[in-house]
Amino acid sequence: MWNLFKKLAVGFVIGGGLVAIANSQEVPFSFQLLFFIVSLIGAMMFALLDAQTLNTMSGGKSFLVVTVFWVFLITVCVAGASFLPQFEPDDEKAKIGKLLEKERKQSAQGKTEELIARAKALDQQVKALEDRLKGIGGGQAVATTQAPTAGEKPAAAGGGGASGDIMKVGEEQWQLQECYNCHKLRGEGGKKRGPELDNIGTLLTVEEIQQKIADPKSMMAEGYDKEFQKGIMPDKFKDLMDPKELLALATWLGSFKNTAVNTPKPIKKK
Amino acid sequence: MKTHSSSLLTLTLLALLSILGVPDVFAQEAGTSVVDFPYTGNRTAVWIVAQLHILFAAFILGAPIFVVISEWLGYRKQDPRYDRLAKEVTKVTVILFSMTAVTGGLFIFVLLAAYPQFTTSFINQFYVVFAILYPALFITETILMYAYLYTWDIWKGEKKGRHIALGVLLNLVCLLILFVINGPTSFMNTPPKAEGISPQDFLATATLWDKIANQSWFPLSLHRIDGNVAFGGFIAGMIAAYLYMAAKTKEERAYYDWMGFVAIWIAVGGSLLQPFTGLLLAYEMCDYDFSFCPYMMADQLSMFFEMQGIMIGLLFLGINYYSWLSVKRIEGADNVRITVLAPIVLIVLLPVTMWVMNSWWIPDPMSLAFLLPLTLSPFLLGRFVPVTVSARTVIKIGFIIMLISDAVWLTPAGFVATGTDMPDEMKLPEGWDYLSSMPAKLSAIFTLVFVTIVNFVLYNRAIKQGTILWGKIDFAAQFVLIFLAFTSTWIMGLMGAVRSLLKKYFHTYSLVSDLSAESFTPTLSYSAGWITAITVFFLAVVTVAALIAIRPSVAKVKEPEGSPIPVPVK
């Protein structure tokens, strides 16, 4: 036991020292906590290294100890994972909801239309039966009715929801396609993987921006040779956005003409 | 009896599925599922069954590699313990083979119930694999597996070579299965594509081979091969721990102590490669679509990787603690010494590797030009340096280095699961941010692996110079074995979830959207709960299988047959 206390004391001293250094450098509290916890784990590890040999157990005693050990492992794993910061699924749900809106509509619309078509077919059959019954009664010829197939759908309503303010749609696409992961704009986002875009409107026309998004290999930002060679910018956006959305994004980006920001010069490659 | 029980189990599962409303699936004509799994929801239901299936499959594909190595070692060293170990693990494998088949069938049923349209179209994409190749290989594997077990006592002595050859053949079929089934699995993450053509258009003209040999197929297969070897070893270690605890005699205890030791060292062999094949897989994924990278490392999944770092750090600490406890029971281990270069390299390795990786990022060969001579120097130049240090001191220094490496590995850019919305007060300040860079992470992994190798070298020296007292290991070692099995299974569950979540809101990335309301990234806390439940269930089944399969053979061994029970002391 004395060994454990001694090692823990050392752990506290080292951990405290690390926290003090980190604090003086304005390292956030969560990192300080991490360094402190690792120091304590280290202390416990060294206490285990120098611990007395555990005697062999068997039978019910070993079963009990193993059960307790399992409960400990389960608790540590579940609690440990819950202790870490959690991503908020609602943020993503809203994004995915918008991204899949059209597909979901098509799917739901398709189903509804099919149901309507079937209902219509049934209605026609009922009418036909009524006519036949009337015919039997009144000597009229039975009119057979061709049931509409499921394929005979009414024209799809609307053209996709890309109406409204084009700039708003463009900004929304910026968020939905997570362009900010690689590009900095208005001082936000970007991890130096792609160029800062605050002055892109001065350097490229809307059509050129559209072309770059649809075909990333069509031009390269100056100084981004390595990223261009690796093909870091995915060429999937033309498949993920419809032409209206692509145009909206390009138009919105084209409105950024902040010459104070050093957006690298685009070099045509195709 | 076993076939009977597994049939009963299958029937029960089918009955359960019918209660859950599977027949409704066939009644629907279009659209999404009409089945809603209670409590879990459809997506989690698929996840649970898929992960269980993968765990069983990983064991039955990994254990044969472990078994044949063990059998071959027994034959070469003429040590009957290896043969007994191999046979016992094979018996457990055969039982778990049934569980793999049951969970595989259940997986398909649940998938069909939850996502009928996608499952049908997916099977159509790979009908040659699902209807011909996979069943044919699985049946071949079954025949070989049973033949391997039942010829064990027939093909011995002079015919042992024939039996080992059968084991090798079994392994080749296992590997083939792994490569074949990884085709559709990896396809869902990285379907083949070509520049300038939409994925749908490319897929329409793609051959089966194009679909199988997608960008993440080979790295995933490599990662799973070494992962399965490690996994098989860790599970065998846990079985050894339980049987050690249940052992009634010194001889049994000596044997299961030895079994745990062999299992762990085979597992360590696989574990040392895992970080690098895992990195290769991540590299290929990011190369396929760079948006995977921020999703994994900075955004939704960043804390999943933080948790992975914690668990792998603990796994390495556990492996090396087991090594420490093993050295403690070697008489004469106190006299073992190693060149002073070893602790010096241990101390400088992390900062030097970080500097090298920052200057020449992989695959630049310059990084190897620095690191190879540095890491090999204790082994190549050690004999020319007269100053030596005791093994215990070096191992303790190794632990300090491991803890520092763990701390580096665990330091993220910020403690937030959304990298782009990270408030400044959560970010590492400038001057400290190198700790969160990829070169720093790779250096930490590299250092952890190197420390483990040094400990292995020291352990081997201790064995050569001292005497191992089998059965005298600290009882705490048995808990370490259980811990290692638990941790490795948990990590597999976590990374399985990550691989699947990488598809984001798609069933097949960028091709087939998941239109259900469940297509979002669940929280780490939620995921950890299920991963733990899956781990506990899997390990409980393995434990029962081991107790059923191995206990009778222990009873037989105890019978006085005239064959000496090996209680090897060097």
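**Group meeting: a walk through a two-chain model**

Hi everyone, let me start with a helix: 29 of the 36 residues of H3(B) are buried, so H3(B) is largely enclosed by the rest of the structure. Buried here means 20 or more other C-beta atoms within 10 Å of a residue's own, exposed means 12 or fewer, and partly exposed is in between, with C-beta atoms placed from the backbone. Helices (H or I, at least four residues) and strands (E, at least two) are DSSP runs, numbered from the N terminus.

Before going on, a word on the source. This is a predicted model, in which local features need pLDDT of at least 70 and side-chain atom pairs count only at pLDDT 80 or more, while totals for chains, interfaces and linings use all residues. Residues are numbered from 1 along each chain as its sequence is written, and chains are lettered from A and ligands numbered from 1 in the order in which they are written.

Back to H3(B). From first C-alpha to last, H3(B) reaches 52 Å over its 36 residues, close to the expected 52 Å at 1.5 Å a residue; the expected span is 1.5 Å times one less than the number of residues. One residue of this helix is B:Thr44, which is partly exposed, with 17 other C-beta atoms within 10 Å. B:Thr44 and B:Arg253 are 209 residues apart in sequence, and their C-alpha atoms are 42 Å apart in space. Just after the helix, B:Gln78 takes a positive phi of about 55 degrees.

Then comes H4(B), residues 80-114. Its 35 residues should span 51 Å at 1.5 Å a residue, and the end C-alpha atoms are 50 Å apart, which agrees. H4(B) is mostly covered too, with 26 of its 35 residues buried.

Now let's zoom out to chain B. It has 19 helices and six strands. What radius of gyration would a compact globule of 570 residues have? Near 25 Å, and chain B has 25 Å, which agrees; the radius is taken over C-alpha atoms, and the globule rule is 2.2 Å times the number of residues to the power 0.38. The C-alpha trace spans about 75 × 70 × 40 Å along its principal axes. Of the 570 residues in chain B, 51% are buried. Two residues are in contact if their C-beta atoms, placed from the backbone, lie within 7 Å. Among contacts in chain B between residues at least 6 apart in sequence, 83% join residues at least 24 apart.

On to the cores. A nonpolar core is a set of buried Ala, Val, Leu, Ile, Met, Phe, Trp, Tyr and Cys residues joined through C-beta atoms within 7 Å. The largest one has 193 residues, and B:Ala240 and B:Leu481 have the most contacts inside it. Helix H3 of chain B gives the most to this core, with 21 residues. Another core lies apart from it, with 18 residues, including A:Val169, A:Cys182, A:Ile200 and A:Trp252. As for B:Ala240, leaving out residues up to four places away in sequence, its partners are B:Tyr256, B:Met259, B:Gly260, B:Ala263 and B:Leu481.

Chain A next. It has 11 helices and two strands, and 22% of its 270 residues are buried. Of its contacts with a separation of 6 or more, 69% come from residues 24 or more positions apart. One residue to look at is A:Leu204, in the loop between helix H7 (200-203) and helix H8 (206-214). Is A:Leu204 buried or exposed? It counts as buried because it has 21 C-beta neighbours inside 10 Å. Beyond neighbours within four places in sequence, A:Leu204 is in contact with A:Ile209 and A:Pro266.

Finally, where the chains meet. The contact takes 58 residues from chain B and 57 residues from chain A. On the side of chain B that touches chain A, H13(B) gives the most, with seven residues. By class, that side has 36 nonpolar, 15 polar and seven charged residues. Here Ala, Val, Leu, Ile, Met, Phe, Trp, Tyr, Cys and Pro count as nonpolar, Asp, Glu, Lys and Arg as charged, and the others, Gly among them, as polar.

A last stop: B:Asp299 sits in the loop between helix H12 (292-297) and H13 of chain B. With 23 C-beta neighbours inside 10 Å, B:Asp299 counts as buried. B:Asp299 and B:Ala417 are 118 residues apart in sequence, yet 5.3 Å apart in space, C-alpha to C-alpha.
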